[in-house]
Every structure is written in structure tokens, then in C-alpha cells.
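I opened a new model today and kept notes as I went.

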Amino acid sequence: MMNRYMGAYLDRRMKYLIEEWQLATRNDVSDFTGRMNRLSDEIDRLTGVEATVSAKLASLEARAKRLEAKAR
């Protein structure tokens with residue numbers, strides 16, 4: 001009787017227990033490698049974007065300095 005009661009209680013409350021204790025579920029863990037690979041790819045892409053933006057910014061700064069010099 002007690003086992004059935006506890007089983008039913010846990011079935012009803014499992015979602016809340018998982019959230020409260022911040023537990024990982026099988027679904028959370030099953031795609032972990034895929035998520036890590038996607039994050040790694042995104043980091044690589046953002047690193048490339050950062051280099052491009054940095055180069056463009058340096059070009060704009062040089063251009064601004066030239067324009068300032070001409071304006072004097």
C-alpha cells in the first residue's frame with residue numbers, strides 16, 4: 001500500500017521535483033554531444049566574425065584619422 005502511494009505521489013510530482021532539484025533528464029543528456037558540437041561551431045563562426053569586425057573597425061578608424069587630418 002505504501003509503495004503504491006509513494007509511486008503515485010512521485011508520478012504526480014516528478015516534474016516539480018526535477019525542476020526544484022535541477023536534475024537532468026535523459027532527454028537533456030541524450031543530445032549533450034550534439035549541443036556541444038553546435039556550440040563549438042558557433043564559437044568558431046563568432047571568432048571569424050570578430051576578426052572581420054575588428055579589421056573593418058581598424059579600417060574605419062584609419063579613415064576617420066585621415067578625414068580629421070584633411071579637415072584641419
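**Ground rules.** This is a predicted model, where local features need pLDDT of at least 70, side-chain atom pairs count only at pLDDT 80 or more, and totals for chains, interfaces and linings use all residues. Residues are numbered from 1 along each chain as its sequence is written, and side-chain values use heavy atoms, with hydrogens and water left out.

**Confidence.** I checked pLDDT, the predictor's confidence in each residue, from 0 to 100. The protein chain averages 90, and 100% of the residues score at least 70. Confidence is lowest in helix α2 (residues 26-30), with a mean of 83. Helix α3 (residues 32-71) has the highest, at 92. Helices here are DSSP runs (H or I, at least four residues), numbered from the N terminus.

**Helix α1.** I looked up the span of α1 next. Its 20 residues put the end C-alpha atoms only 24 Å apart, whereas a straight helix would reach 28 Å at 1.5 Å a residue. The expected span is 1.5 Å times one less than the number of residues. Where is the kink in α1 centred? I found it at R13, with a bend of about 60 degrees. The bend is the angle between axes fitted to the seven residues ending at a residue and the seven starting there. After α1 comes Q22, with a positive phi near 50 degrees.

**Surface patch.** M2, Y5, M6, Y9, L10 and M14 make up a nonpolar surface patch with about 580 Å² of accessible area together. Patch residues have over 30% relative accessible area and no salt bridge; nonpolar side chains (Val, Leu, Ile, Met, Phe, Trp, Tyr) are joined within 5 Å, like charges within 9 Å. Areas come from the Shrake-Rupley method with a 1.4 Å probe, and for residues only the protein chains shown count as cover. I picked out M6, which lies in helix α1 (residues 2-21). M6 counts as partly exposed because its relative accessibility is 37% (buried is under 20%, exposed over 50%, partly exposed in between).

**Salt bridges.** How many salt bridges does the structure hold? I found two (a side-chain nitrogen of Lys or Arg within 4 Å of a carboxyl oxygen of Asp or Glu). D31 pairs with R38, the closest N and O atoms being 3.1 Å apart. D31 is partly exposed at 34%, and R38 is partly exposed at 49%. E42 pairs with R45, with 2.7 Å between the closest N and O atoms. E42 and R45 are three residues apart in helix α3, so about one helical turn separates them.

Notes:
Helices (H or I, at least four residues) and strands (E, at least two) are DSSP runs, numbered from the N terminus. Buried means under 20% relative accessible area, exposed over 50%, partly exposed in between (1.4 Å probe, protein chains only).
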